Amino acid sequence: MTSSSPEIAVVGAGVAGASAAYRLTELGFKSRVYEAEGHPGGRMAATVINEAIFDHGAQFFTTRGHKFRSAVDAAAADGAVKVWTHGFDEPPDGYERWRGVPDMTALASWLLAKADVTVHFDQPVDHLKRLNASAIVLTPPVPLSLALAQRSNLEPPEKLLNQLRNVEYKRTIAVLFPLEEHPESLPSHGGIQFLDDPALAFITDNATKGVSDSPAVTVHLSNDASVALWNEPDHELTEFASKHLEANIGSFVSLGSVVKRWRYAGPVQVLEESAFVWGKQPFIAMAGETFNGPKVEGAFDSGRYAAEKIAEFLS
């Protein structure tokens, strides 16, 4: 595209935003990405505590559709993702669970690198019109995107607005434990998934997973426990997680703990549409895991669809 090409802004550098930027580049359009945090990935997040490294958002992703699988295969060829395990049950179900390399932020990082876009980290967007863009992709959680659109006097038509107002999210609390020694009683792949447990959703040994050289365990509370304990102080959340961790892996010595709260851990219900689009000056496409299908692949597909709708509008 030439210097006179339309300006396209992508808000959010999670998988949906990275996928949108990637697809726009494939279609011959350049975009600018704005991310409120200092790193890409969104809920595919990682953090460092002393020398220990933790995946503390989404722990894995799966592939079902051809388009997402093609991107994942290309990312795997570049060393950005790899298969973590073929199941958490005994025996495993054989279905691939993928992880990022070196951590879960890697897929979004890879997509953004392939898109060859400028990413403005630590740049929260507070007004859409100040982006001076002909088209905008909104990828934060729906309540945040909707509030931003309304604050910018660019809210969607009433039918879309009513649907977006009804979107609800699950909450998840993660408690991160750097340990004195590597736990020995976890499965060989380092993950325990709880499907119906009232207290826990997941335990990950990040060292066995391949994320951390130092002992580092992530504990995700269940959605119900997260809601019930949301406003409790961190030390009570740590005690709760520690008790249930010990019940599952035996005694351990923690070198500390960090609590992470995910207010928008995933949609309660998923909208059938792949994205919502409206407006002309600018044209807006709202995308993310609430659309088209939940979790990582849904976010990827939604971002891709939003990019295609923008390309149609600008062509």
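Me: What makes helix α3 mostly covered?
Reply: Seven of the 10 residues of helix α3 (residues 106-115) are buried, where buried means under 20% relative accessible area, exposed over 50% and partly exposed in between (1.4 Å probe, protein chains only). Ala106, Leu107, Ala108, Trp110, Leu111, Leu112 and Ala115 are the buried residues in α3. Just after α3, Asp116 has a positive phi of about 55°.

Me: What kind of model do these values come from?
Reply: This is a predicted model, in which local features need pLDDT of at least 70 and side-chain atom pairs count only at pLDDT 80 or more, while totals for chains, interfaces and linings use all residues. Residues are numbered from 1 along each chain as its sequence is written, and side-chain values use heavy atoms, without hydrogens and water.

Me: How do you know whether Leu154 is buried or exposed?
Reply: Its relative accessible area is 11%, so Leu154 is buried. Leu154 sits in the loop between α4 (142-151) and α5 (158-165). Leaving aside residues up to four places away in sequence, Leu154 touches Leu128, Lys129, Ala149, Trp278, Gln281, Pro282 and Ile284, a contact being heavy atoms within 4.5 Å.

Me: How is Asn153 classed, buried or exposed?
Reply: Asn153 has 63% relative accessibility, so it counts as exposed. Asn153 is in the loop between α4 and α5, and has a positive phi of about 60° although it is not a glycine.

Me: Why is strand β9 called largely enclosed?
Reply: Eight of the 10 residues of β9 (residues 169-178) are buried, so the strand is largely enclosed by the rest of the structure.

Me: What makes β9 and β13 a pair?
Reply: Strands pair if DSSP finds at least two bridges between them. β9 and β13 (residues 258-267) have seven bridges in the antiparallel sense, so they pair. In this pairing Ile173 is opposite Arg261 in β13. β9 also pairs in the antiparallel sense with β12 (residues 216-221), over five bridges, and Ala174 stands opposite His220 in β12.

Me: How do you know whether Arg32 is buried or exposed?
Reply: Arg32, in strand β2 (residues 32-34), has 17% relative accessibility, so it counts as buried.

Me: What makes the link between the side chains of Arg32 and Glu7 a polar contact?
Reply: A polar contact is a pair of N or O atoms within 3.5 Å; within protein, one must be able to donate a hydrogen and the other to accept it, and residues adjacent in sequence count only if both atoms are side-chain atoms. The Arg32 and Glu7 side chains make such a contact at 2.9 Å. A polar atom of the Arg32 side chain also lies 3.2 Å from the backbone oxygen of Leu131.

Me: How is Asn132 classed, buried or exposed?
Reply: Asn132 has a relative accessible area of 62%, so it is exposed. The phi of Asn132 is near 50°, a positive value in a residue other than glycine. Asn132 lies in the loop between β7 (118-120) and β8 (135-138), and is among the residues that Arg32 touches.

Me: Which residues lie nearest the centre of the largest pocket?
Reply: Arg43, Phe60, Lys170, Gln193 and Lys295 do, among 36 lining residues. β9, β11 (200-205), α7 (223-229), β13 and α9 (295-314) each give two or more residues to that lining. By class, the lining has 16 nonpolar, 10 polar and 10 charged residues.

Technical notes
Helices (H or I, at least four residues) and strands (E, at least two) are DSSP runs, numbered from the N terminus. On a 1 Å grid over the protein atoms alone, a cavity is a set of points where a 1.4 Å probe fits but cannot get out, and a pocket is an open set with protein on both sides within 12 Å along at least five of seven lines; lining residues have an atom within 4 Å of a point. Ala, Val, Leu, Ile, Met, Phe, Trp, Tyr, Cys and Pro count as nonpolar, Asp, Glu, Lys and Arg as charged, and the others, Gly among them, as polar.
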